[in-house]
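I opened the model and kept notes on what I looked up. The entries follow in the order I made them.

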Amino acid sequence: MALSNGANAHTQPVDELTSSLRALGLESLPKYSNPNTYPTLNPVDLYRSHITDLLAPITGVEPDVIYGALQSTQSLDYGDLMLAAPALRLKGKKPDAVANEIVDQFPESALVDKPSVDRKTTIRFFFKPMPLTSLVLKSILQNGENYGFNQNLGLRDASNPSEGRKSVIIEFSSPNIAKPFHAGHLRSTIIGGFLSNMYQKAGWDVTRMNYLGDWGKQYGVLAVGFDKYGSEEELQKNPIGHLYDVYVKISAVSREEGEQVKGLEEEVKKLRESNEPTAEKEAEISRIKNEGVDEQARKYFKRMTEGDAEALGVWKRFRDLSIVKYKQTYARLNIWFDDYSGESQVKDESMEEAARILEEKGISEQSEGAVMVDLEKYSKRLGKTLVKKKDGTTLYLTRDIGANQERYDKYRFDKMIYVVASQQDLHLAQLFKIIEIMGRKEIADRCQHITFGMVLGMSTRKGTAKFLDDILEAVGEKMHEVMKTNQSKYEQVSDPEQTADTLGISAVMVQDMTGKR
Ligand SMILES: NC(=[NH2+])NCCC[C@H](N)C(=O)O
């Protein structure tokens, strides 16, 4: 989304605010204004600044200290702002005496009532209602959807807007094709969407990125499965669900074959012990090993990695159709992405280059044909980890290393945020460490992992919700039930299904934001 450039995008309202303040009998803007928020001074900043102005002469404390000590309250019963007297750090005075002095000496103000002391040392401030409504409502009307935001925060240099805006990549959601969209993906989607909006409103250039799990042998398995169980019609209708079903079916076959081989091997062992012929059983074993799902999938994926157009074509269609469907579902949450990247998009060259650097710097070592990095010398908890498998293929971590560099080359980001569930804390810590010791500390320092637990506090009753669509469906149904418990109100809702849907989605979003982060 295009953002207006330049530092002055929001300076106009300040002038208008000044005139509103004059109308309330105040000369002009408060003298003390937080320099970070000054150009867009929103009402809360304005009140904090105003109170700071009034308290500075009474207490003799630095305005910065007072401003910082004025805190929001837990609930409005406790005032609009509060100040803990000890936070003023006045030496040689008892906090309760300080609190009383402040209340006694607090001058008449057009914006706030005379404060009161609570629990001896806490001073509570209540805003006067009338000026509050006239200031806030006016500011909301003037700023529209930009109310409460300061686009200048995203400037590289606030005093020199021509330096441009800071850029941030926010990587979030990142589900795996043909696998369920689980609670971790849901929370990542919500938190990531929220962060994107916040950075955008703070004037950063935001790139919303979805890093799909779309590469690896399992996509060979999927292609083999589609040959057997796939339906073109189903694929078009419901790609995400259908591919998942196919994957489940073919995985079961592959598991069965694995067990079969194990059983046959046991039998061969026994036959050998009793000197009986084993040829027949052995032939069966090698037939499964050579023609079974696993081997077919391995071959198929190998063709994909070698750039075989036909193999890639099939896979790409699965990916493209899934993305179309994802987009529709994300839209229900008002979430979109600028870049659908994914593990498949990481170029071999960038991974090879990373491998070369790791080797040259003596960071990686050979380990029984595979390549490993020992991070224990940096931190015990980072452990040892593979960056290349014995057969030369890459791993999840390898692809992340390559992707990190490619994103930097492409976007020159000032910051990159990975919104990923806490199961992957170690993975991301390893990633950032490896990037750092490869000599890219500057890039590593720009990367941040936003982690979260996966307790959802919302169980989908049937326990069958596997995809985002199902989850949203389930919460909608639940809401509908709740609505029906009040029949007289229910009858007044014109489109209950639609309303339940909207409420359900809102509930999912809101419950994630109710905890303090
Ligand atoms: N850059 C990353 N590794 N991002 C997280 C990707 C999450 C992964 N697709 C999963 O579902 O587990």
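This is a predicted model: local features need pLDDT of at least 70, side-chain atom pairs count only at pLDDT 80 or more; totals for chains, interfaces and linings use all residues.

**Entry 1: the helices on the sheet**

I began with helix H12 (residues 309-332), which lies across E6 and E7 and runs at about 135 degrees to E7. I noted how such elements are named: helices (H or I, at least four residues) and strands (E, at least two) are DSSP runs, numbered from the N terminus. For angles, axes are lines fitted to C-alpha atoms, for helices over the stretch in contact, and the angles run from 0 to 180 degrees between N-to-C directions. Helix H14 (residues 396-411) also packs on the sheet, where H14 touches E5, E6, E7, strand E11 (415-419) and E12. The direction of H14 makes about 155 degrees with that of E6. Contact here means heavy atoms within 4.5 Å.

Residues are numbered from 1 along each chain as its sequence is written, and side-chain values use heavy atoms, with hydrogens and water left out.

**Entry 2: the sheet itself**

I then asked in what order the five strands of the open sheet stand. The order is E7-E6-E5-E11-E12, with parallel pairing. Strand E7 (339-342) and strand E12 (447-450) are at the edges with a single partner strand each, so one side of each has no neighbour in the sheet. From one strand to the next the twist averages 25 degrees. Two strands count as paired if DSSP finds at least two bridges between them. Val168 stands opposite Val206 in E6.

**Entry 3: Gln405**

The cut-offs are under 20% relative accessible area for buried, over 50% for exposed, and partly exposed in between (1.4 Å probe, protein chains only). Leaving aside neighbours within four places in sequence, Gln405 is in contact with Arg440 and Ile443. The side chains of Gln405 and Arg440 are joined by a polar contact of 3.0 Å. A polar contact is a pair of N or O atoms within 3.5 Å; within protein, one must be able to donate a hydrogen and the other to accept it, and residues adjacent in sequence count only if both atoms are side-chain atoms.

**Entry 4: the ligand**

I looked up the residues around the ligand, which include Glu171, Tyr211, Tyr396, Asp400 and Gln424. A residue is listed if one of its heavy atoms lies within 4 Å of the molecule. A polar side-chain atom of Glu171 lies 2.8 Å from a nitrogen atom of the ligand. An N or O atom in the side chain of Tyr396 is 2.8 Å from a nitrogen atom of the ligand. For Gln424, a side-chain N or O atom is 2.8 Å from an oxygen atom of the ligand. Taken alone the ligand exposes 350 Å², and the protein buries 91% of that. Accessible areas come from the Shrake-Rupley method with a 1.4 Å probe; for residues, only the protein chains shown count as cover.

**Entry 5: a loop residue**

Last, I checked Asn275, in the loop between helix H9 (239-273) and helix H10 (279-291). Asn275 has a positive phi of about 55 degrees although it is not a glycine. Asn275 is exposed, with a relative accessible area of 72%.
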